Amino acid sequence: MTIGIMGLLGFNLVDAAFVSRLGTAPLAAQSFTFPLTFLIIGVQVGMGIAIAAIVSRTLGAEEDARARRLGGVVVLASGGVLALLLLLLWIVRVPAFHLLGANDQELTLIEQYWGPWLVASWLGAMAYVLYSLFRAHGNTRLPGVMMLITSLLNLALDPLLIFGLGPIPGFGLAGAAWATLIAFAIGLVITASKLSGQGWVEYRGLLREWRESRRQLMGIAGPAMLCQMMPALAAMLVTAIVASLGQTQVAAWGIASRLETFSLIVVLALTMSLPPWLGRCYGAGRWQEVRRLMNLVARVVVVWQLILGVIVTLLASPLANVLVGSSDVAEALVLLVPWMLPSYAFLGICMLVVSAANALGWPLRATLLSFIRLFVCFLPAVWIGAQMDGLRGVAIGAAIGNLLAGIVAWRLYRQAIGSLGKPLRKISAAASV
C-alpha cells in the first residue's frame, strides 16, 4: 500500500510540477480546486473505511455469503452517491470558486480544467471503492500495484497532453485533468476485471441486504464521510486565508498541500491497511492484539515522520526549485516546509486514531476528534499566524495545530481503549457462549 500510495499521490505532485511550468496563474487556478478535490476524496475515503470495516467484521464473524452481498450493495450505492456529489460540484462551480477567492482570470482557467477533472474523480473514486473490497479481504497487493500503474500512466500522459508533442498542441491546464481521466479509466477497467474473478460480490438479494444492513453501513459511513469532509471544509477556509495574502502565496500553498499528502504516504498506507486487521480483531474480540498494533504503528509513524521532516527541511531550497518554475513561488514554498513537515509526525498520530476509531466501532469519537483537530487546533492557529506573520505565520500556526491534534488524539484513544476494551471483550465472550 505504501508503494501504491506513493505512486497515486506522486502523480498529484507531478501534475502540480508540470502545471507550474505554465505559469503562476495556472498553478494558482489548480490550487483553488484542491479544497473541492479534498471533498471528493473525503467522501470516497469515508466510503472505503465503511466498506473495509463492515466487510472485514463480517468475514471475521465467518458470514461469507453476507460479505458477498455487502460487496454488491456498497459498489452500487457508492457509484450513485459519488455521481450525485460530482454533479452538484459542477452546478455550483462558479460561486464556489468565487467564495474561495479566485479572480476572473483564474476562473476562466478553472472552467477548462474542472469538467474533465470531475469525470476523472468519479473514475478514481470507483476504483478506490473496489480497492477497499480487496483490502477488506486481506489483499493489499493488487490495490498497491494498480495505484502504481495509474500513476505511471499519468506521468507518461501529462507532458503530452499539457504541452503537446511537436506540431500537435497540448491542452494546457486541462491536459493534466485529461491525463488523470485516461489513467483512472484504464485502472478501473483492470481492477473491475480482477474483482469479477474473485467471487467477492453478489448482486442477488441486494434489496433485502440493504434493508438489513443500511443502519450499520450508514452508522459507519456517515461519521466516516463527515470526518473526511471536514478537512475539505478546513482546506477551503485555509485557502481563503492564504488567498488574502496574494496569488504567489496561493500557488505555494497548493504545492505545499500536495507535498503534505505525499510526505504522509506511510501514514496513509497504514490508515488503509490497518482497519481491515482491526475489524477482524473487533469481530473476534481480540483487544490485546488491537493494543499491540496501535502501539507499534504509533512508534513507526512518529519516528518515520520526524526523520522525513528533518531531511526534507534540509533539502527545502533545491526541492522547491525542482517542483516550481517560478522563483517567487519557490521562495514562498521554502518558508512553509521547515515548519510544516516535521509536524506531520503528530498529524499522523491523529489520522491513525481516527481511522482506527471507525474500524473499532467508535465513529462518534472519530468525528469529534476530526472536529477538534481542524476547528479547535488547526484553523484558529493558522488564522492567528496569518495575521501576525503572513505566510510564515500560516506555516507556524499549522505546525502548532498538528502538534496539539496529535496529543489530543492519543489521549482520546487511550481513554477509549481503556474504558471500552474490557466491556466489549466481555460482551464478545458472552456472545460466543
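L278 makes contacts (heavy atoms within 4.5 Å) with V290, L293, M294, A356, A359 and L360, leaving aside residues up to four places away in sequence. The model is a predicted one: local features need pLDDT of at least 70, side-chain atom pairs count only at pLDDT 80 or more, and totals for chains, interfaces and linings use all residues. Residues are numbered from 1 along each chain as its sequence is written, and side-chain values use heavy atoms, with hydrogens and water left out.

L278 also turns up, together with L89 and F97, among the residues touching the most other members of the largest nonpolar core, a set of 136 residues. Such a core consists of buried Ala, Val, Leu, Ile, Met, Phe, Trp, Tyr and Cys residues joined through side-chain atoms within 4.5 Å. Helix 5 (residues 104–136) gives the most to this core, namely 19 residues; helices here are DSSP runs of H or I with at least four residues, numbered from the N terminus.

Over in helix 3 (residues 64–91) sits L70. L70 has a relative accessible area of 2%, so it counts as buried (under 20% relative accessible area, with a 1.4 Å probe and protein chains only). Beyond four places in sequence, L70 touches I54, V55, T58, E209 and S213.

As for cysteines, a search of the whole structure turns up zero disulfides (pairs of cysteine sulfur atoms within 2.5 Å). C350 has its nearest cysteine sulfur in C377, 7.9 Å away, which is too far for a bond. Both are buried, C350 at 1% relative accessible area and C377 at 7%.

Notes: Helices (H or I, at least four residues) and strands (E, at least two) are DSSP runs, numbered from the N terminus. Buried means under 20% relative accessible area, exposed over 50%, partly exposed in between (1.4 Å probe, protein chains only).
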